[in-house]
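Please look over the sequence and the model first, and then read on.

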There are 2 protein chains.
Amino acid sequence: MPFKTDIEIARGAKKKPIQEIGAALGIPDQHLLPYGHDKAKVSQGFINSLQDRQNGKLILVTAINPTPAGEGKTTTTVGLGDGLNRIGKKAMICIREASLGPNFGMKGGAAGGGHAQVVPMEDMNLHFTGDFHAITSAHSLLSAMLDNHIYWGNEQGIDIRRVQWRRVVDMNDRSLRQITSSLGGVSNGFPREDGFDITVASEVMAILCLSKNLSDLQQRLGDMIVAYRRDKSPVFCRDIKADGAMTVLLKDAMQPNLVQTLENNPAFVHGGPFANIAHGCNSVIATKTALKLADFVVTEAGFGADLGAEKFMNIKCRKAGLAPDCVVLVATVRAMKMNGGVSKADLGAENVAAVNAGCANLGRHIENLKSFGVPVVVAINHFVTDTEAEVQAVKDFVAEQGAEAILSRHWELGSEGSAELAARVAEIAEAGESQFAPIYPDDISLFEKIETIAKRIYRADEVLADKKVRDQLKLWEEQGYGHLPVCMAKTQYSFSTDPGLRGAPTGHSVPVREVRLSAGAGFVVVVCGEIMTMPGLPRVPAAQSICLNEDGEIEGLF
Amino acid sequence: MPFKTDIEIARGAKKKPIQEIGAALGIPDQHLLPYGHDKAKVSQGFINSLQDRQNGKLILVTAINPTPAGEGKTTTTVGLGDGLNRIGKKAMICIREASLGPNFGMKGGAAGGGHAQVVPMEDMNLHFTGDFHAITSAHSLLSAMLDNHIYWGNEQGIDIRRVQWRRVVDMNDRSLRQITSSLGGVSNGFPREDGFDITVASEVMAILCLSKNLSDLQQRLGDMIVAYRRDKSPVFCRDIKADGAMTVLLKDAMQPNLVQTLENNPAFVHGGPFANIAHGCNSVIATKTALKLADFVVTEAGFGADLGAEKFMNIKCRKAGLAPDCVVLVATVRAMKMNGGVSKADLGAENVAAVNAGCANLGRHIENLKSFGVPVVVAINHFVTDTEAEVQAVKDFVAEQGAEAILSRHWELGSEGSAELAARVAEIAEAGESQFAPIYPDDISLFEKIETIAKRIYRADEVLADKKVRDQLKLWEEQGYGHLPVCMAKTQYSFSTDPGLRGAPTGHSVPVREVRLSAGAGFVVVVCGEIMTMPGLPRVPAAQSICLNEDGEIEGLF
């Protein structure tokens, strides 16, 4: 029997009206702002009314370092959410929104896969509820107001060589990476160098995802540094008086989006900051609201656990006062085999030795996650080609690390396949054994924070940074930014900064190329290696084959 | 008793759930795609199902040349729609959507005014249902694909000095008017000159508003000329293979937006092309759908009748097979007085002589509109300072022109104030006396079309165009574009190209500075004077005072 594709399964979904999904969570119709029949925003007023409720249990789904074999982190997040509902728990899922632009380069993706997906898939790959467009608008407004300020006399004394605020567009457009703007004479302003990033890289996105409420949002927007004066003093967004209007543009976007899984369980899909120059998690407001509405909230973080889980713990949880009750670490037999030296073409054949050889990366992540004081369960995301012996090899390895691995078949079977995982996760979370704490305090120096992550998570021997970087960090400490957490931007393919170095390397160095201050989001970005904030399109972009078919369905997007 | 402001009245609106508004039109819930509780899109499937129904009567609201006194064209459109419903007719309103960007420069506006408004006002001034964001995305995708095509080898042989396709953003951002892009070396492409227009100036906007359905939309998008080769042959959007994906991005935006008036009557607010370089009318699909759903459809066109009504007749009606049954020409006593030489400060004092002196502009418009074979009614949009004698002077003047002027007090009284106007308009439309025809045929030369408009509408003696312009028009005729209508871009303040020349000038010349081919929209733009396609922000932009107040309401936007 051939398996259906993700899109075939998604199109066959028997969706319930979104009001029914909301009603099951106790959200009255008037507080559910529908976008079509299968998407809705939850009103700010309703969210405010929940503040005195108890929180549910928070479960983070993270993964080993990604391999070309695919780990299925979102699929497992969705499968676990469905599994928890299946065993009678009231559970919600919180994941990120997809960026529109990249879907026209490579094919867009499902939220999840197989029988563990969130729908409506098409909308989530396109405009969805317009959140990212609102972010682009708010960002663009500040861009326009900044140049307008300079045009009309530059009262703030902005040094146009030191403008930090780049522009954004939600499209893969390499030709906008570096431009000169304000050409054409007196009526167009003062020519200067400028450039565009993709919208998800905007600090506005990171801020939206970290803000508790609209007034916190406006405060953070105002705190953003947009430029420096000739004396190097910072010019804030607030100095340009853009923070109020930006907040107005983001008012609706701040409300979490409710959708459903294939099994009609509720999911918030909200926010989507970059996972390198930002923290890569869905919004704080969605996670916190879900914790008030459900007994179990399953969420995920970008990339592997060395980046995603680390930032979830050290940035999102620290700043939002959240604490995970259990962490699920996703691994696959195929990824173990690739880590053990098997090429992608040979993944079909049983190879227990390779599985064993490849488990080192998994072991390192288990150890790291435990260092945050949280219970860890390994979810083996089942592929139909996995053999029993291979699965057993992973289980044995995990047991040796003092943890537990559970096979989960949600991709193939939906919640029927994830019920065992769900039961164990629920048991652990309910036991209340988590003693979560970030791995560094607020009050050590910024450089010590970088060193802590590099040594304790990446297992590097040293952090390399030239005087310019170290001086910059010291200057920010003097300016009052020393208490901020650091946001590491490095390759997701390795614990080290070398994407080719798989497994569990030690003894390496972490070179810091550059540091950036996201004063509104509230972290210092530490750039280790090449970081691309505006992707390009491939030679044959997916867009060339995207179209509507005769039934009005979208072809080529998935 | 002080009058309430527009925003106070709008906030006091007793809105019905949008499903009730839809139900009154016979739109079943499943075909109404809600955006919140007070906005909805009508599904493409439902629109398709209406094709065999009879059309209602079409009423165009247009105006004299705008003066700083304000004419209230949209206010009268809304007031007339409400009035028709009041007298027991099933009537709908079709107006344009507002552009987001300019609201952050000058204050945003109501759709209508006083007691003749469409709501929700806030949303309509911000993201609304995301149509303009979808247009920006579709436009930006083509921009990115075009440069990507050049980057990967330029198989089409595009001359990068002859790229026609500028970028867009929905923001007033003068610094993007002229840029150099693709700087920074090999990985960013080939440096070239480029620039941004505001989204409403995009040809995609004009196309969306002129397309009959999604396949027509894709056809027109494919027809757009994006660049020329060194041999000056055109490169089409279709050659870049962007038309399919752009159609997917515009799929939802093609569905008309249903909202309501303060009196809970239905209104489509859909599309908003520039009124100079494009045709300045709401979408064909909204107008045509409304004609299937209601017995009377009241719509409007941009600027004064010399531009707006001319384009409505010669472009929109010609292309869409529409024919107005009655035209309502809006005039105010105040505007007559300004045309008669009174300054804005002195408008409060009765001045019948000035009214009489200022009526020439009105008379010219009446004559012009009649030349399209349509019955004309003048609506005197009442201001509370107007005196009876002044109103009578306008009525007398109009009667001398063989037409009829009716005082309408919808701003102050809602439909109670417009019932008389509505009754007369309904009577005329139902009488079926309109013998509408565009004022020029398809098969005269492009230059003859320009001359026809210049001489018959503007009453100029001659059209001035240098050899370059004339040769360009001839080249397009040879390439098969000779059958297209022309789209005049000139000042809206005068029949002539001199904005200071009020009244009813004759004997002037119309200099054509430039011609542009909008091959997808299907018209040749004739630029007579300076045309700004990217506005700037003022010294103190409205955005500086826009914010949320403590009740979460938006301040400063209106």
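How many salt bridges are counted between chain B and chain A? The count is two, where a salt bridge is a side-chain nitrogen of Lys or Arg within 4 Å of a carboxyl oxygen of Asp or Glu.

The model is predicted, and local features need pLDDT of at least 70, side-chain atom pairs count only at pLDDT 80 or more, and totals for chains, interfaces and linings use all residues. Residues are numbered from 1 along each chain as its sequence is written, chains are lettered from A and ligands numbered from 1 in the order in which they are written, and side-chain values use heavy atoms, with hydrogens and water left out.

**Between the chains**

The contact (heavy atoms within 4.5 Å) takes 64 residues from chain B and 64 residues from chain A. Together the two chains bury about 5,400 Å², of which 65% lies on carbon and sulfur atoms; buried area is the accessible area (1.4 Å probe) that two parts lose on being put together, summed over both. Of the area that chain B buries against chain A, W152(B), R174(B) and V248(B) supply 11%, more than any other three residues.

**Within chain A**

Chain A is divided into domain 1 (6-129 + 253-431), domain 2 (131-247) and domain 3 (446-528), with bounds that come from an automatic or database domain assignment. The centres of domain 1 and domain 2 of chain A, taken over C-alpha atoms, are separated by 33 Å, and their contact takes 29 residues from domain 1 and 20 residues from domain 2. These two domains of chain A bury about 2,100 Å² between them, with 67% of it on carbon and sulfur atoms. A253(A), M254(A) and F274(A) supply 24% of the area that domain 1 of chain A buries against domain 2 of chain A, more than any other three residues.

Domain 1 and domain 2 of chain A have one salt bridge counted between them. The table sets out two salt bridges by name, one from chain A to chain B and one inside chain A.

| Salt bridge | Closest N and O atoms |
|---|---|
| R167(A) with D173(B) | 2.9 Å apart |
| K41(A) with D131(A) | 2.7 Å apart |
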